[in-house]
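Here are a few exercises to work through with the model open beside you. Try each one before you read its solution.

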Amino acid sequence: MSVRIEKSWQRVLAPEFDKPYFNELTTYVKNDYATTAVYPPPKEILSAFNVCPFDQVKVVILGQDPYHGAHQANGLAFSVRSDIAIPPSLQNIYKEIHTDIGVPIPKNGDLSGWARQGVLLLNATLTVRAGSPGSHQNKGWEEFTSAAVQELSDNRDHLVFLLWGSYAKQKGEIIDRSKHLVLVAPHPSPFSADRGFFGCKHFSQANAYLAKQGIKPIVWG
């Protein structure tokens, strides 16, 4: 893929780019982009890394798949452009933030402001065919994004990991709980949000932890 990754991530993930799986992944993704509709746009595939450098990460939110509807996916998990309707899961995230810390519910779904503050919005799989959720799973992305999580766990201190849903919880098993705060809740999807995502208070807990470590909290509004 003709996509450049931010230099601090390039440094820590360089070994991945030389592994056979990544070459196979690159070939597969290039071919799919050439023959069918795939999201996000190629230049936005690695946006999560490019907007939030490795050395600036404070909070990690793990998603599963990019949005598979037209113009939705932008490389940041749960985020959409400001001119795109806010997806249901993100609506529920906003509701929980409002209930938890009292900030007004935003008018759009652009989460790039979070990313610039140090929130890594990382999907496990970074590409998807239009209208076909999960279509690029098990092609190599999961190994790549797990390597990123492992690097953060091993080589950073006092991060907050927000794991929503069973998939994120499973992916987060490699995180070192002795040096990071790991918060787990059901997925914010309308199918599961009322099973414990609402009321989880992850956003206030994350900020309290960061403040205790002398790290500037996230402005979630």
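Two strands count as paired if DSSP finds at least two bridges between them. Keep in mind that this is a predicted model.

**Exercise 1. Work out how many bridges join β2 to β3, and where this pair sits in its sheet.**

Step 1: Count the bridges. Five of them join β2 to β3, and the two strands run parallel. That clears the cut-off of at least two bridges, so β2 and β3 pair.

Step 2: Look at the other side of β2. Four bridges join β2 (residues 59-63) to β5 (residues 160-164), again running parallel.

Step 3: Zoom in on L62. Its bridge partner in β3 is L122, while in β5 it stands opposite L163.

Step 4: The edges are β3 (119-123) and β6 (181-185), each of which pairs on one side only. On average, neighbouring strands are turned by 20° against each other, ignoring direction.

**Exercise 2. Say how α4 and α8 are oriented to each other, and which residues touch.**

Step 1: Take the axes. Those of α4 (residues 88-101) and α8 (residues 202-212) come within 8 Å and cross at roughly 60°.

Step 2: Classify the angle. The two helices are therefore oblique to each other.

Step 3: List the contact. From α4 come I93, E96, I97, D100 and I101; from α8 come H202, F203 and S204. By type, these residues are four nonpolar, two polar and two charged.

**Exercise 3. Is S112 buried or exposed, and what does S112 contact?**

Step 1: Find S112 in helix α5 (residues 112-117).

Step 2: Apply the cut-off. Buried means under 20% relative accessible area; S112 has 14% relative accessibility, so it counts as buried.

Step 3: Go through the partners. The S112 side chain makes a polar contact with the side chain of D110, at 2.8 Å. Setting aside neighbours within four places in sequence, S112 is in contact with V51, L76 and S79.

Methods. Residues numbered from 1 in each chain as written. Predicted model: local features only at pLDDT ≥ 70, side-chain atom pairs only at ≥ 80, totals over all residues. Heavy atoms only, no water. Axes fitted to C-alpha atoms, helices over the stretch in contact; angles between N-to-C directions. Parallel < 35°, antiparallel > 145°, perpendicular 65-115°, else oblique. Contact = heavy atoms within 4.5 Å. Nonpolar A, V, L, I, M, F, W, Y, C, P; charged D, E, K, R; others polar. Buried < 20%, exposed > 50% of the residue type's maximum accessible area, 1.4 Å probe, protein only. Polar contact = N/O pair within 3.5 Å; in protein donor to acceptor, adjacent residues only side chain to side chain.
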